[in-house]
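Subject: Structure for you to look at

Hello,

Please open the structure below and keep it beside this note. My findings follow it.

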Amino acid sequence: MKTVNIKINGEPVEVEAGITILAAAKKMNINIPTLCYHSDLPAWAACGICVVKLENSPKMMRACATPVAEGMGIITHDPELHQIRKTVIELILSTHPNDCLMCGRNQNCELQSLAANFGIREQPYEERLRDLPKDDSTPSIILNPEKCVNCGRCANVCQVLQDVWAIEFVGRGENTRIAPAADAALADSPCIKCGQCSAHCPVGAIYEKDETGKLLNAIRDENKYVAVQIAPAVRVALGEAFGYEPGEISTGKIYSALRRLGVDAVFDTNFSADLTIMEEATEFVQRLTEGSGEIPQLTSCCPAWTDYMEKYFPDMIPNFSTAKSPMMMQGAITKTYYADKIKKSPEEIYSAAIMPCTAKKYEITRCEKMYSSGEQDVDVVLTTRELARLIRSAGIDFNTLPDETADSPIGKYSGAGTIFGNTGGVMEAALRTAYNFVTGKELPEMNIEAVRGMNGVRSGEVEIEGKKIRVAVAHGMANISTVLREVQKAKEEGKEPPYHFIEVMACRGGCIAGGGQPYGTTDEVRAKRIAGLYKDDEKSEVRASHLNPEIQQIYKEFLGEPLSKKSHDLLHTKYTPRPLYQI
Amino acid sequence: MNLEELRKLRDEQKQSLSRRNTDNKDIQIIVGMGTCGIAAGAKDTLEAFIQELEEQELSTVRVTQTGCMGLCYVEPTVEVVMPDMPDVIYGKVDPEVARKIVRKHIMHKTMVNDHVFDRPAADIVEEGGNQ
Amino acid sequence: MAAFTNFILVCGGTACESSKSDKIYKNLMHECESQGVRDKVQVVKTGCFGFCEQGPIIKVLPEESFYVQVTPEDAKEIVSEHIVKGREVTRLLYDKAESKKRAQIDEMDFYQKQVRVVLRNCGVINPEDINEYLGRDGYVALEKALFELKPDDIIEELKTSGLRGRGGAGFPTWMKWNFTKQVENDQKYIVCNADEGDPGAYMDRSTLEGDPHSILEAMTIAGYTVGANFGYIYIRAEYPLAINRLKIAMAQAREYGLLGDNILDTGFNFDIEIRLGAGAFVCGEETALLRSIEGERGMPTPRPPFPATKGVFDKPTVINNVETWANIPIILMKGGEWFSKIGTEDSKGTKVFALTGKIRNSGLVEVPMGTTLREIVFDIGGGIPNGKEFKAVQTGGPSGGVITKDYLDTPIDYVHLQKLGSIMGSGGMIVMDEDDCMVDVSKFYLGFTVDESCGKCAPCRVGGRTLYNILERITEGEGEMEDLERIKSIAHATQKASLCGLGQTAPNPIISTITYFEDEYKAHIKDKRCPAGHCKKLITYHILPDKCIGCGLCARRCPTNAISGEIRQLHTIDQELCIKCGECYNVCKFDAVYVR
């Protein structure tokens, strides 16, 4: 490692060459205040709060964007810097509504923290708010440009991390704001509802559509039987809202909390993740051995990804697995198989899902296949953040809750189901089962290291019966186009496809870092949450979907076999090309 | 185009353009172009000057026109102003004489004696004439 | 070859074109034809002469008759009198104010102190004819670069010349080139910044219109020097004439093998593409400009990385402004040594200024660095018109500051301007007289930067607007003394915490006017009075009883009928109705209206 010698606030230190002043200061436990900077993104250098002084230079530099250089002398804090930072914060505050009490980000707002830390008690400059309408056109997220501080994180996430380009800066000067091109509504834009914008917003300018009221109303309704499912990624993140470390598993406490909220049955989406594997692995094996469909097969459990594909790569529709996402499968069987068991009709059941994801709010009505039970299969989706609020407002002391178990027979899960929540997990789960479907044997080593890790695109080979299966995993939407272009190129040139099976998750790290997860997600947090899910997998009784006894039961009692007619009716969906803009 | 072609073209252009350039042009031929002058053939004279200067590749000479110099009886009249030589007004300058003025007066600093109208001091004429 | 006896140079710059110089050109051609002198006269449409105050301008050679304010109807007389009969059209000549004698071009005060390096071909050649450029030693520098010099020699020559960037910051040009040269990369780019945006500045436009080949030649030389074979000219779409001439020049250069593949049979390839900007001022900032070339929104990005190592499409890029480029060919031709003799110790060469405002001879002025402001304003510019008193000059456009009477003898170069709290900028120079209110002036400039801010960084976006609103309050008589403190802290934060030059320099006009004219601010705030009599909310118009003869002219002109009075009786102004348009003041022939 190449290093450079620098001085920070007079103290000499040797740091890695090429890192930013901000990172170097952090290594010395010096916090330089920031607002627009986010570790997920290239430094945008907009807010001007992280300015520092360099010795022998009248200019101030942005710590977030300036790399250290040999011999650099940096001053991170002094009265002048304090004054400048404070003035900049005051200026930003002069254009920001001060209705903190009624803001979704109250007590969890980066601007609020800055104002608090700098002890701002009055507004010295005239207040100039922008009277701009909210965009609540999508079922997932709300954009409130009035609160926007133009830090650029959302636009950069949307463009750099996700390659979606739904939102961007429009207007200039003080009229600069975030909006889709040509001021289209978000719902009519390329937006894939992944909600990464909302997860990265430092203030309350983009946030999930709050639907906690819907669930509460259903619980109040005596004629409704409320069944709630929780997604894999929720169990390693919800706890953060109650002081747990990221990655600590709190599955049992979540079941418990939901029951205390008054729901009638608690299920686990991990169960239908196993179900998804049964269908998807069968589909894959058939495509591979019988040529029943296009290779490579693409996973389809991420609704943001399916939306992206329908908009940006409609030519790849035949490659998609037709299997619904675990959440939608769970909804469908809750209102059919389970409803039968408890002698209820589908309309008497209210099916709710706790998801790490904002796109899931969109998925539940995305096409007519989402009503396979005859009713809307999933009635409402709440994000992890919304559930945390519900638990708090219900006065539930989360930390002292007992660990409970999910309801049966659609609540038990395998280790394969739980790792659906992180990048590489779906692939690993599918391979564990596909191996069995082809060979009749179990994988000698359940951990498939080739598909694990945080690289944006990972690929590897797995040998099944002498046949080498080439697989790829991509996460963070911007990474998928690289893989898909490889596929398209091979197709154009009439070559064998470079991969047989590709897993895609729209969000970096997978669902554990979804747009609906607790704020403050960084790569460090992602790693911890992923480790939590792998730990959940390791300690599971069974680690492959086909070994889950409740899965075996549902096929025996209800579905018959994977890809049966019933499966097709309830567990599979279809895709349609969609225009980027609907204007 | 290669280097040689470029240089050749540039040289050609330089010459034709140099007459537009008034810097370093310390020699001036002023042709009287009043009605009388023109009637006496001053246009042909002017043309002859320009052609001859072109042929002799003299780029530091500026040919300008002026109105009637008041010496209508010896039109076309021409005044030549240059360093190291007295200002001279020539009369009855036809194209032939014009060429002579360029070759003798301008190139060899010798006056074309028989056409000098405004005679400077005799010794200079003498001196020039004897050369 | 036709032997021309006369040359008529018609200014084809944008300013003269807009006053019908194109029509003049056509009429002259027509007249030469019909008066039978077509083969004796060459009519040339050239670039800007710089003396825009008096346009349209026509120069007739070899007599060097400098005709000003020519109309298309004058063409007939110019041909019949001057060309056919050899008599100058006296009424069109630019007369020196003192004597009625015809002014020869190098004797005119306007041109006398100027040294034309950048503008050497402007107003001399036909910019649409590559042959004319060749005839003025065009492409000699490229020839020298390709056949005689090694890239390092060229950089050495630039270093000797002391040339610094003319775009504003004044960074040594050779260093920029050298950085890019030293970076290893298979693809590098050359960029010409022609996104001239300072209010009142148009030297780049004139250079491109008058001498487009010099820019192409310079960029090609840079390509050869640093190892790039593609260049972009980023020019605003509002410069159609310049764009058109560049296109013509590029086509001709390609045809001659001076641009494109295998230049002059050397195997060196270099081509150029024009990118049109939509006119955002911030796109003159180099990183924003590069983003705009890439097709992105024109927003500045942090430096480092500097364009020299990571520029357009993340490739090493040499980016210079038009005026800098225009200096390159002549430096290589005449040598860095020659260039370094012009100008001052640390500012070499000349600088073109666009002299405008309250000045007699507005126009483009090229002077050696170190020329004093007094020479520019009074000798070249002819001083302040209408007997008014000089108050200040704003240099550096909206990023600069004012220079007051006390500093008129300061030599104009990078160092001295900075010391005075202004900057060289791209060379805008706006002269102000006693009628200009300094609070209003800084409000004007701030208004410009507030409008043109890209909105990216908070200090500029919010700070600029907040400052502007404070100034607006002050000019409306609503200011308070605390405002001065507010201005100082916002200005400081904006200067230090803005990302790009636009934001960092936006408060300069306000800071420099407060420094030199604090009393004027205080008069507005404390006394609710505008000393220059400019700020409408703070002034009232009155009629002096002893001067008013009751002619009634003011009353007839008043748009709101605020003035009443019987004919031959004293008139009075109803302050309730008066909208302070100043029309009464302007029309009164007896100086009976005054401002309080």
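Start at the end of one helix: α15(C) is followed by C:G382, whose phi is positive, near 80°. Helices here are DSSP runs of H or I with at least four residues, strands are runs of E with at least two, and both are numbered from the N terminus.

Before going on, note that this is a predicted model, in which local features need pLDDT of at least 70, side-chain atom pairs count only at pLDDT 80 or more, and totals for chains, interfaces and linings use all residues. Residues are numbered from 1 along each chain as its sequence is written, while chains are lettered from A and ligands numbered from 1 in the order in which they are written.

Helix α15 of chain C

This helix covers residues 373–380 of chain C. Its residues C:L373, C:I376, C:V377 and C:I380 are buried. Buried means that 20 or more other C-beta atoms lie within 10 Å of the residue's own; exposed means 12 or fewer, and partly exposed is in between, with C-beta atoms placed from the backbone. Down the axis of α15(C), the buried residues fall within an arc of 120°, so they line one face of the helix. The arc is that of the directions from the helix axis to the C-beta atoms. An α-helix has 3.6 residues a turn, so residues three or four places apart point the same way.

Chains C and A

Chain C has 23 helices and 17 strands. Chain A has 18 helices and 17 strands. For the 596 residues of chain C, a compact globule would have a radius of gyration near 25 Å; the chain has 26 Å, which agrees. For the 583 residues of chain A, the globule value is also near 25 Å, and the chain has 25 Å, which agrees. The radius is taken over C-alpha atoms, and the globule rule is 2.2 Å times the number of residues to the power 0.38.

The C-alpha atoms of chain C fill a box of roughly 85 × 65 × 40 Å along the principal axes. For chain A, the C-alpha trace spans about 75 × 60 × 50 Å. In chain C, 57% of the residues count as buried. In chain A, 55% do.

How the chains meet

Two residues are in contact if their C-beta atoms, placed from the backbone, lie within 7 Å. Of the 2 pairs of chains in contact, chains A and C share the most contacts. That contact takes 29 residues from chain A and 28 residues from chain C. On the side of chain A, α2(A) gives the largest share, 6 residues. By class, this side has 15 nonpolar, 10 polar and 4 charged residues. Nonpolar covers Ala, Val, Leu, Ile, Met, Phe, Trp, Tyr, Cys and Pro; charged covers Asp, Glu, Lys and Arg; the others, Gly among them, are polar.

The contact between chains B and C takes 25 residues from chain B and 24 residues from chain C. The elements of chain B that give two or more residues are α1 (3–18), α3 (42–55) and β2 (61–66). The largest share, 8 residues, comes from α1(B). This side of chain B has 9 nonpolar, 9 polar and 7 charged residues. Chain A and chain B do not touch; their nearest C-alpha atoms are 43 Å apart.

Backbone points to check

Most residues other than glycine have a negative phi, and most peptide bonds are trans. A:K343 has a positive phi of about 60°. It counts as exposed, with 7 C-beta neighbours inside 10 Å. C:K580 also has a positive phi, near 60°. With 19 C-beta neighbours inside 10 Å, C:K580 counts as partly exposed.

The peptide bond from A:S408 to A:P409 is cis, with omega near 5°. Another cis bond joins C:P304 and C:P305, with omega about 0°.

Confidence in chain B

Chain B averages a pLDDT of 76, and 79% of the residues score at least 70. pLDDT is the predictor's confidence in each residue, from 0 to 100. Over residues 120–131 of chain B, pLDDT stays under 50. Where pLDDT is low, the predicted coordinates should not be read in detail.

Best wishes
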